[in-house]
Amino acid sequence: MAQLHTDVHHLASAPVVVGVDGPAADTALDWAVDLALRRDRELRIVHGLDLEGVHRRYGEHDPRVPMMLETLSARGTAVVQRAVRRVREARPGLRVSTELSESGPAGLLVGHSARAYRLILGHRSGHGLVGHLGSTVVTVAGHGQGAVVVVRPDSDDGHWVRTQGPVIVGIDGGPVSEAAVGATFEEASERGAELIAVHVWSDLDVGRFVGVFGKLGPVTDIGELEREILAERLAGWQEKYPEVTVDRRLYPTDPAATLQHWSESAQLVVVGSRGRGGFLGMLLGSTSNSLVQHARCPVMVVHPAEP
């Protein structure tokens with residue numbers, strides 16, 4: 001008898017987890033607070049001290065190490081306490097738990113992603129928990145489980161976190177994006193937002209679809225073939241979420257620039273953790289990377305369920 005798969009990310013006990021590292025993470029923290037409140041979830045605030053990294057860098061016998069460890073621990077405690085105060089002042093009734101860990105931030109967050117409803121982290125230049133893109137953000141977005149949301153702070157010339165606007169999903173022709181499509185329908189339904197399905201294709205990709213969609217007959221119109229692919233990917237989800245209005249958009253090339261453009265008016269952009277071929281690359285490919293760095297709204301990177 002086949003065993004039923006339990007989606008641990010949607011258990012009632014699955015919290016919204018947010019990584020904090022001081023004021024730079026406030027935008028991500030506020031976004032996580034709002035999500036936890038609206039979905040009736042516990043908010044778990046976590047901070048990684050990376051004490052092991054200090055030992056690796058300076059060695060066990062360096063006389064500076066004890067003082068550095070003490071300083072890091074004190075700073076981490078202050079960071080977590082500040083975040084809790086911010087939450088309590090804004091949403092005193094929200095369920096909140098905390099974790100101050102000796103582990104590095106990337107490993108800590110990847111570990112929490114295994115059972116989180118959503119894992120939220122900020123992105124800025126510099127180092128630390130929300131560090132530069134080359135470390136924590138890419139590691140967590142690429143290796144986490146479930147849905148990882150990267151929330152960039154607002155810029156001086158605009159607000160990048162908004163409660164209005166559509167939810168966008170980038171769809172390729174492979175099976176990996178199925179989890180992203182499902183998460184997008186869920187988000188659009190919960191937010192009462194329009195869903196815009198963006199399918200970017202290139203004539204170089206058509207060959208890989210002919211075997212799957214050969215029943216459609218001779219390929220005389222690439223655009224028509226791509227519309228059939230998009231319709232196939234959305235059909236089951238539209239039946240499950242009939243209240244969600246769906247707008248299908250097809251573009252011939254440049255998925256990163258296309259989704260970047262849509263992010264200027266969206267409240268959320270959703271992509272799969274990796275695509276087949278050129279759409280999202282292998283683990284955290286060029287499109288996901290570009291959006292995490294440059295999108296003008298939060299970006300959700302969705303990983304397929306582990307077998």
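Mentor: A residue is called buried at under 20% relative accessible area, exposed at over 50%, and partly exposed in between (1.4 Å probe, protein chains only). This is a predicted model, in which local features need pLDDT of at least 70 and side-chain atom pairs count only at pLDDT 80 or more, whereas totals for chains, interfaces and linings use all residues. Residues are numbered from 1 along each chain as its sequence is written, and side-chain values use heavy atoms, with hydrogens and water left out.

Trainee: Which residues of helix 9 are called buried?

Mentor: They are Pro255, Ala256, Thr258, Leu259, Gln260, Trp262 and Ser263. Seven of the nine residues of helix 9 (residues 255–263) are therefore under the cut-off, and the helix is largely enclosed by the rest of the structure.

Trainee: What covers the buried residues of helix 9?

Mentor: The cover includes strands 6, 7, 8 and 9 (268–272), together with helix 10 (286–294). Contact here means heavy atoms within 4.5 Å. Helices (H or I, at least four residues) and strands (E, at least two) are DSSP runs, numbered from the N terminus; the protein chain has ten helices and ten strands.

Trainee: Why is Ser113 called buried?

Mentor: Its relative accessible area is 1%, so Ser113 falls under the limit of the definition. Ser113 lies in helix 4, and among residues more than four places away in sequence it touches His9, Leu119, Gly144 and Gln145.

Trainee: Which other residues of helix 4 are buried, and how are they arranged?

Mentor: In helix 4 (residues 105–113), Pro105, Ala106, Leu108, Leu109 and His112 are buried along with Ser113. Viewed down the axis, the buried residues fall within an arc of 165°, so they line one face of the helix. The arc is that of the directions from the helix axis to the C-beta atoms.

Trainee: Why is strand 7 called largely enclosed?

Mentor: Six of the six residues of strand 7 (residues 195–200) are buried, so the rest of the structure largely encloses the strand. Leu195, Ala197 and His199 point one way and Ile196, Val198 and Val200 the other, all of them buried.

Trainee: How do you know that strand 7 pairs with strand 6 and with strand 8?

Mentor: Two strands pair if DSSP finds at least two bridges between them. Strand 6 (residues 167–171) and strand 7 have five bridges in the parallel sense, with Val167 opposite Leu195. Strand 7 and strand 8 (residues 246–251) run parallel and are joined by six bridges; Ile196 stands opposite Asp247.

Trainee: What makes strand 3 and strand 8 edge strands of the sheet?

Mentor: The open sheet of ten strands has the order 3-2-1-4-5-10-9-6-7-8, with mixed pairing. Strand 3 (96–101) and strand 8 each pair on one side only. The pairing of strand 3 with strand 2 (residues 43–48) is parallel, over six bridges, and Ser97 is the bridge partner of Arg44.

Trainee: How much of the whole protein chain counts as buried?

Mentor: Of its 307 residues, 50% count as buried.
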